[in-house]
Amino acid sequence: MKNILSKSRLSIFNFAVLVLFILSHQKVTSQNFTDSNLPIVIINTDDAQEIPDDPRIFGNMKIIYKGEGVQNLITDQNTPAYLNYNGRISIEIRGSSSQALPKKGYGLTTLMPDNSTNNNVSLLGMPSENDWILNGLAFDPSLIRDYLSYNLSRQIGNYAPRTAYCEVVINGEYVGLYLLQEKIKADSNRVDVTKITNTQNTAPLVTGGYITKADKTTGNDPVAWSMASYTGGYTNFIHDLPKPENVTSQQDTYIHNQFTKLEITTSVDNISFINGYPSVIDVPSFVDFMVSNELASNADGYELSSYFHKDRNGKLRAGPIWDFNLTYGNDLFLWGFDRSHYDVWQFSNGDNEGAKFWTDLYNNPQFKCYFSKRWNEVTQAGQPMNLASMETFIDNTVAYIYEASLREDQKWGTVPDIYTDTENIKSWLSSRTDWMNSQLDSFSNCNNVTVPSLVICKINYNPSTNGTFTNSNDQEFIAIKNTGTTTVNMTGVYFRGTGFVYQFPVNQILPANSTVYLASKATVFLNRYGFAANGEFTRNMSNSDQDIVLADGFGNVIDHVHYYDSEPWPDADGNGSYLQLTDVILDNNLASSWIATDSNTLGTGDFDFTADDFVKLAPNPTTDLLQVKTPNAISQIEIVDSNGRIIQTLTPNSNAVDINLSKLASGMYMIKVISQARTSVRKIIVQ
């Protein structure tokens with residue numbers, strides 16, 4: 001069996017040699033630190049204790065931050081208006097190989113004064129949480145590799161830890177430049193999966209949520225299972241959610257089986273939406289994970305620090321990315337490693353290749369096509385991974401941290417020349433992008449894929465409550481209309497992303513011009529509206545804003561709506577209304593294409609989105625009078641503006657009515673006509 005070199009396989013002797021080498025070659029000096037253009041983090045442990053690897057100890061933390069572009073002073077630490085945080089923490093040293101360095105990285109939790117209760121707070125503009133990392137930027141003379149990689153991943157649409165540069169003082173000693181960043185964990189603003197408990201051991205509860213990582217073991221975390229690599233070695237997988245000490249045998253078996261299915265289906269190029277790898281994984285997330293790792297030529301990629309997550313009833317997803325210090329041509333040169341080359345694929349370079357499914361995915365023509373297509377998208381001019389865009393980002397970052405980098409080098413002697421190192425990164429990236437372009441094939445076979453004519457047409461994201469229906473989340477629903485002329489087989493159709501989970505059953509049929517309803521709670525939907533929903537989704541929609549992306553089995557977007565609870569979107573936020581698309585030919589990602597509808601009844605044919613003979617409007621467009629006719633008596637008419645506001649209501653109790661619209665400003669409006677059990681929403685133009 002080939003001996004694969006990695007950080008996890010160092011002998012005790014080699015590790016000791018490294019420690020002695022570092023200690024003898026790195027300088028550690030004290031300095032008079034007074035101010036910074038970056039936030040300043042001041043930590044004082046109780047009784048000035050030295051921070052250990054384990055257990056955590058308590059202390060106080062202050063973060064001085066006056067705002068972007070304003071100099072922060074150490075003397076500001078006693079001015080409450082300048083403190084982004086001032087409170088209790090628990091803290092410990094974190095990391096594995098980096099613990100050999102004089103400069104340590106830290107994990108910390110923000111606490112309430114009782115030293116026990118977590119204190120969820122927003123630090124430096126990041127969403128509120130309690131678990132944080134002070135990344136010491138180990139083994140990276142440029143100080144930017146993690147920062148660059150995490151930002152690029154977020155810019156192409158994925159979650160990666162948010163970061164903020166800062167300078168840190170511990171117990172009165174300046175300890176250098178750090179990245180304050182989010183710890184990977186289950187949270188609606190981080191890895192957005194539901195938290196599974198040890199009592200959830202049968203379907204559907206056992207299906208999620210999970211966070212799993214391929215990594216070396218640290219502390220007492222046991223290996224959950226291992227998977228073979230094409231190098232002859234093995235990649236170890238470790239539970240992160242649930243924690244190893246909490247996972248049940250049923251949960252371990254379930255999530256292990258998902259990876260086994262991935263391994264089996266990729267090994268035989270099974271691309272079936274029913275039982276192939278697209279039925280197991282969210283393909284776009286695996287594509288993006290590989291794009292990030294390969295752009296950076298991450299020496300640890302796939303084998304170490306590689307995370308996966310799976311929500312309840314959802315697909316297995318790759319990411320978020322983590323620990324990108326051995327990238328862009330950098331490696332553990334002190335150990336004799338030199339693996340981050342611009343002209344290799346990290347998933348098949350004979351070293352840290354990870355499990356076989358990575359290579360098998362790339363070798364599958366369909367997956368490689370989508371990999372090529374995505375690479376082409378994110379490297380176009382103006383896109384995040386375009387060379388010019390990355391060069392500008394690097395230059396701006398270096399300018400931002402330059403003064404702190406001088407202090408960092410004065411303290412630790414690890415940043416000999418940040419400008420030269422980052423210029424080398426830019427030159428390396430130029431070679432890397434050229435090489436990847438030369439290796440990737442045409443993506444014409446997966447470009448402009450024909451997708452079914454499905455349109456998201458109703459969204460009830462924050463229903464109101466009453467004496468009968470007391471839970472808002474249980475009343476949520478979404479409707480999808482087949483606007484085409486042929487029946488659609490919904491096999492493989494699912495919602496991409498996290499937070500809102502649904503996969504259509506195999507061979508579910510949606511006839512032409514028909515609507516399918518998905519509900520949060522099928523029984524509640526039936527009780528309220530009198531007919532059965534076609535399916536029940538998992539989790540809940542956001543009450544503020546959310547991406548809803550309907551896709552086929554390979555992730556090709558069928559329809560996409562990003563709604564908001566604020567103007568210019570119609571007000572359907574907890575007031576008894578829901579969002580309704582006014583016409584399926586309109587762009588449903590525009591606020592002006594929707595109205596807020598307060599109807600308490602639904603039906604498979606209750607809304608007429610197309611012009612037919614039920615409601616006759618004349619003249620349309622109009623300058624003043626609009627005549628409305630229906631076969632039956634009209635009980636109510638509403639005129640609604642483009643922001644969803646009802647600006648005129650009539651109750652004519654007649655099958656014909658003339659409406660004076662002369663006082664309205666020119667523009668597009670919607671008219672909602674209710675006649676007996678039928679409701680029609682139509683577009684009108686006032687000139």
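Trainee: Leaving aside its neighbours within four places in sequence, what is Thr379 in contact with?
Mentor: Met385 and Asn386. Contact here means heavy atoms within 4.5 Å.
Trainee: Before I go on, what sort of model is this?
Mentor: This is a predicted model, where local features need pLDDT of at least 70 and side-chain atom pairs count only at pLDDT 80 or more, while totals for chains, interfaces and linings use all residues. Residues are numbered from 1 along each chain as its sequence is written, and side-chain values use heavy atoms, with hydrogens and water left out.
Trainee: Back to Thr379, then: where is it?
Mentor: Thr379 sits in the loop between helix H6 (365-378) and H7. Helices (H or I, at least four residues) and strands (E, at least two) are DSSP runs, numbered from the N terminus.
Trainee: Is Thr379 buried or exposed?
Mentor: Thr379 counts as buried, because its relative accessibility is 18%. The cut-offs are under 20% relative accessible area for buried, over 50% for exposed, and partly exposed in between, with a 1.4 Å probe and protein chains only. Ser389 is ten residues from Thr379 along the chain, and their C-alpha atoms are separated by 8.9 Å.

Trainee: Let's do helix packing. How do you describe two packed helices?
Mentor: By the angle between their axes and the distance between the axes. The axes are lines fitted to C-alpha atoms, for helices over the stretch in contact, and the angles run from 0 to 180 degrees between N-to-C directions.
Trainee: At what angle do the axes of H7 and H8 cross?
Mentor: Roughly 165 degrees, and the axes of H7 (residues 387-412) and H8 (residues 418-439) come within 10 Å. H7 is therefore roughly antiparallel to H8. Angles over 145 degrees count as roughly antiparallel, under 35 as roughly parallel, 65 to 115 as roughly perpendicular, and the rest as oblique.
Trainee: Is the H7 and H8 crossing left-handed or right-handed?
Mentor: Right-handed. A crossing gets that name if the near helix is turned clockwise from the far one by less than a right angle, and is left-handed if anticlockwise.
Trainee: Which residues of H7 and H8 meet?
Mentor: From H7 they include Met390, Ile394, Asp395 and Val398, and from H8 they include Ile425, Lys426 and Leu429. The contact of H7 with H8 has ten nonpolar, four polar and four charged residues. Nonpolar means Ala, Val, Leu, Ile, Met, Phe, Trp, Tyr, Cys and Pro, charged means Asp, Glu, Lys and Arg, and the others, Gly among them, are polar.
Trainee: What about H2 and H7, how are they arranged?
Mentor: H2 (residues 145-155) and H7 have axes that come within 11 Å and cross at roughly 135 degrees. They are therefore oblique to each other, and H2 passes H7 in a right-handed crossing. Tyr147, Leu148, Asn151, Leu152 and Gln155 in H2 meet Met390, Phe393, Ile394 and Thr397 in H7. By class, those are six nonpolar, three polar and no charged residues.

Trainee: Which residues have the most contacts inside the largest nonpolar core?
Mentor: Phe286, Phe308, Phe357 and Trp358, in a core of 83 residues. Helix H4 (residues 283-296) gives the largest share of this core, eight residues. A nonpolar core is a set of buried Ala, Val, Leu, Ile, Met, Phe, Trp, Tyr and Cys residues joined through side-chain atoms within 4.5 Å.
Trainee: And how does H4 pack with H5?
Mentor: H4 and H5 (residues 356-363) pack at about 100 degrees with their axes 12 Å apart, so they are roughly perpendicular to each other. Phe286, Phe289 and Met290 in H4 meet Phe357, Trp358, Leu361 and Tyr362 in H5. That contact has seven nonpolar, no polar and no charged residues.

Trainee: Now the backbone. Which peptide bond to Pro55 is cis?
Mentor: The one from Asp54, with omega near 5 degrees. Pro55 lies in the loop between strands S2 (40-45) and S3 (57-64). Another cis bond runs from Asn620 to Pro621, with omega near 15 degrees.
Trainee: What is phi of Asn448?
Mentor: Near 55 degrees, a positive value in a residue other than glycine. Most residues other than glycine have a negative phi. Asn448 is in the loop between H8 and strand S15 (454-460), and it counts as exposed because its relative accessibility is 68%.
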